[in-house]
Structures are given as structure tokens and as C-alpha cells.
Amino acid sequence: MLIRTPDNGYIHPTSLDITPQSAYLGRRDWLKGLAAGSAGLAMATWAQRQAWAQTARPGVLAPLSGSASNVPGAQVMDKATAYKDATSYNNFYEFGTDKADPARYAHTLKTQPWTVEIEGLVKKPGRYALEDLMKWAAMEERIYRLRCVEGWSMVIPWVGYSLADLIKRVEPQPGAKFVEFVSLADEKTMPGVRGGSLDWPYVEGLRMDEAMHPLTLLAFGMYGEVMPKQNGAPVRLVVPWKYGFKSAKSLVKIRFVDKQPTSSWTKAAQQEYGFYSNVNPLVDHPRWSQATERRIGEDGLLAKKRKTLMFNGYEPQVGQLYAGMDLKRNF
Ligand SMILES: Nc1nc2c(c(=O)[nH]1)N[C@H]1C(S)=C(S)[C@@H](COP(=O)(O)O)O[C@H]1N2
Ligand SMILES: [Mo]
């Protein structure tokens, strides 16, 4: 999956014509090699790499520290979506509503300097620099399915650490029951924010136990490189058992609250997008079925659609979070 080049990095083939198993093993070896080398050094130079990767041609990867995750469920064996597809077919309404808009316009997003404000019911609130956040836990690679509410899916190798590591660090107060996530809304650099497709800024929320679940990822990169702008640079959320829109991009605020937050999509259409938004083939969207999906780059428009899995396939890991809940009412 990852090929070392003699000069300065790693490249990945744009089409992965190798079996998922060999891709997986190859990547593990690569990561093991990095871990055996100087993981600490790699971590310290991330900021420089970020500056470098933002100007480097696409496809050249900055080698990262860390290793393949041991979190149960974090290494799906599905074939990874081609980098080109994962970075050119996006939802990022701050840059427009067309799937091609983020790749076209997100270059204006300014990701340096970047801070994330942590506020609300928490013992260590503050405005933290991205470089500091990146050092709060060891980066890992995790291969997650991402299922959009619209009926398509991808498989993406993310780089980041469990959001739980950040949450423990800032010490929520006992009254904190939910976590709210706020994306950047900058009229100057985000053309979509000047329009009215959503109520800005983009807001998402999780219940505290969902936010603390080890699969909930704070992602700083993908495919071994820093996060491409269209995918939510420099830091985003990835919640793999929920529809894609729960995974807020370009985070500027993480707020600990006592009441269930109202997400932008719930505000926009309350009957269609609930707070939980767990991937569930048994609960249809009011206007279309959620039973099947099309894997981007693999399933053509005429191909038979693949079955959507309960909790996007993460039921063994997250099913107990919803034990006893009526998932038709709590959609
Ligand atoms: N801030 C922000 N975050 C967002 C969105 C958005 O429009 N704005 N779109 C969401 C949706 S609908 C999906 S499917 C995923 C897409 O992530 P990707 O482009 O990295 O595949 O991002 C989510 N996060
Ligand atoms: Mo989506």
C-alpha cells in the first residue's frame, strides 16, 4: 500500500491493485519500522512536516510517527478508497454544496496558526495551539468505513488519536453530559459561509459516553499525510458508526455542556436528521432507504448496491451504548 521513495517520503498507488490482506500487512510493517525508529523525533517535527506537506504535490506522504491502532474495530479489512476519490468527492458545505466544491475551493482555508478552544464544564478550559493538541497522545493509523447519509461510503485510513485522550486531559466536570463541536466559519476564506445552505458555524454533538468511546477519533491526517483541506484540515472528528455528517471538520471549539446540543443538520431539517444519526439500515431517511450503499470508486452507478451494516459494521464495539433505546425514535 505504501511505497518508499528514495528521496523524502512515501507514496501510495492511486489504485490499490493488491489484496486488502497484503495491503494491511504491508502497512503494518511500514508502521512497525517507523515505531522501531524514532517515533519521538517524528512527532516533534510534525509541524514542519505540515508546512511541507501543504505545499507538496498530492500523493507524497509525510511519514508519521505512531503505529496501526489496537483499538478493537479500528482496522477494517475493506479495501481503502483511492486517495484521489477520498479527496475529490467531499461534503464540506462551507466551500459549497457540490461534491467537487471542497477540492476546488478549500485551498483558501488558512490552517496556520490554528487554535482549538476548549470551554464549558471542564476543569482545564483554554485556547490550545494545534501543535500542543497533536502531542497530547500518540498518533495511530485507523482504517474506518465512512457512510454518508446520502447513500455512499468510503474506507479511509485516518491518522489521529482517540478523542477520549483529549477529554481526559482537560478533565470534564461531573455536570458535563454532552460534547459540542464547532467548525470554523470564516466568510473571507469559505465561500459557502456567505450563503445560506446551513446555519453557520457548523455544529455537531455527541453524548459523553459516545465521545469517550475509543473508536471516536480526533483526526489530524489521512493516508499518512496531514489532513487535506477539503477533508477538514487541520483537525476533525471521525465517528465511524454514525452518518458522515456527525464527523465535523476544521474544529475550532470543543465545548462541554449539560444539555443535548442541536446540530446544524437537525436545525436545518429536524424530521430528517436526529441527534444520534447512527448508521442503521432498518431506519430509513424519510425520503429514501438506508438499507444499501454505493462504495465510491468501486461500485459503479449500475452496480448492485452493497448492504449497509448495523452501526456501519461497528455493532460489536458500540451496540451496548444504545441498549434498550428505541432507535426509530432516537434516530
Ligand atoms: N464543517 C463541516 N463538517 C462536515 C461537513 C460539512 O459540510 N461541514 N460535511 C459532513 C458530511 S455530510 C460528511 S459525509 C463528511 C465527509 O467527509 P469527507 O469529505 O472527508 O469524506 O464530513 C462531514 N463533516
Ligand atoms: Mo454526508
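Residues are numbered from 1 along each chain as written, and chains are lettered from A and ligands numbered from 1 in the order in which they are written. Because the model is predicted, local features require pLDDT of at least 70 and side-chain atom pairs pLDDT 80 or more, whereas totals for chains, interfaces and linings use all residues; side-chain values rest on heavy atoms, without hydrogens and water.

The protein contains 10 helices and 16 strands. These elements are DSSP runs numbered from the N terminus (helices: H or I, at least four residues; strands: E, at least two). Of the 331 residues, 56% are buried. Burial here means under 20% relative accessible area, exposed means over 50%, and partly exposed lies in between (1.4 Å probe, protein chains only). Among contacts with a separation of 6 or more, 72% join residues 24 or more positions apart. A contact requires heavy atoms within 4.5 Å.

The largest nonpolar core holds 85 residues. Such a core is a set of buried Ala, Val, Leu, Ile, Met, Phe, Trp, Tyr and Cys residues joined through side-chain atoms within 4.5 Å. Ile 118, Trp 158, Leu 166 and Phe 256 touch the most other members. Strand 8 (residues 152-162) supplies the largest share of this core, 7 residues. Beyond its neighbours within four places in sequence, Phe 256 contacts a run of residues from Ile 118 through Glu 119, Gly 120 and Leu 121 to Val 122.

Helix 7 (residues 163-170) has Leu 163, Ala 164, Leu 166, Ile 167 and Val 170 buried. These residues cover an arc of only 160° around the axis, so they lie on the same side of helix 7. The arc is taken from the directions from the helix axis to the C-beta atoms. An α-helix has 3.6 residues a turn, so residues three or four places apart point the same way.

Glu 171 follows helix 7. This residue lies in the loop between helix 7 and strand 9 (178-183). Glu 171 is partly exposed, at 31% relative accessibility. Lys 124 is in contact with Arg 169, Val 170 and Glu 171, leaving aside neighbours within four places in sequence. Lys 124 sits in the loop between strand 5 (115-120) and strand 6 (126-129). It is partly exposed, with a relative accessible area of 39%. Lys 124 and Arg 169 are 45 residues apart in sequence and 8.0 Å apart in space, C-alpha to C-alpha.

The largest pocket has a volume of about 460 Å³. On a 1 Å grid over the protein atoms alone, a pocket is an open set of points where a 1.4 Å probe fits, with protein on both sides within 12 Å along at least five of seven lines; lining residues have an atom within 4 Å of a point. Grid points are joined across faces, edges and corners, and the volume is the space filled by probe spheres set on them. The lining comprises 29 residues, with Asn 91, Cys 148, Tyr 202, Gly 244 and Phe 245 nearest the centre. Strand 8 and helix 9 (264-268) are the elements that give two or more residues to this lining. Strand 8 gives the largest share, 4 residues. The lining divides into 18 nonpolar, 6 polar and 5 charged residues. Nonpolar covers Ala, Val, Leu, Ile, Met, Phe, Trp, Tyr, Cys and Pro; charged covers Asp, Glu, Lys and Arg; the others, Gly among them, are polar.

Ser 264 lies in helix 9 and is buried, with a relative accessible area of 3%. Its contacts, not counting residues up to four places away in sequence, are Leu 198, Asp 199, Pro 201, Tyr 202 and Val 203.

Phe 92 lies in the loop between helix 4 (83-86) and helix 5 (101-105). It is buried, at 3% relative accessible area. Its contacts, with residues up to four places away in sequence not counted, are Pro 102, Met 190, Lys 229, Gln 230, Gly 232, Lys 249 and Ser 250.

Most residues other than glycine have a negative phi, and most peptide bonds are trans. Phe 311 has a positive phi, near 50°, and is buried at 3% relative accessibility. Two peptide bonds are cis with omega near -5°: Gln 112 to Pro 113 and Ala 233 to Pro 234.
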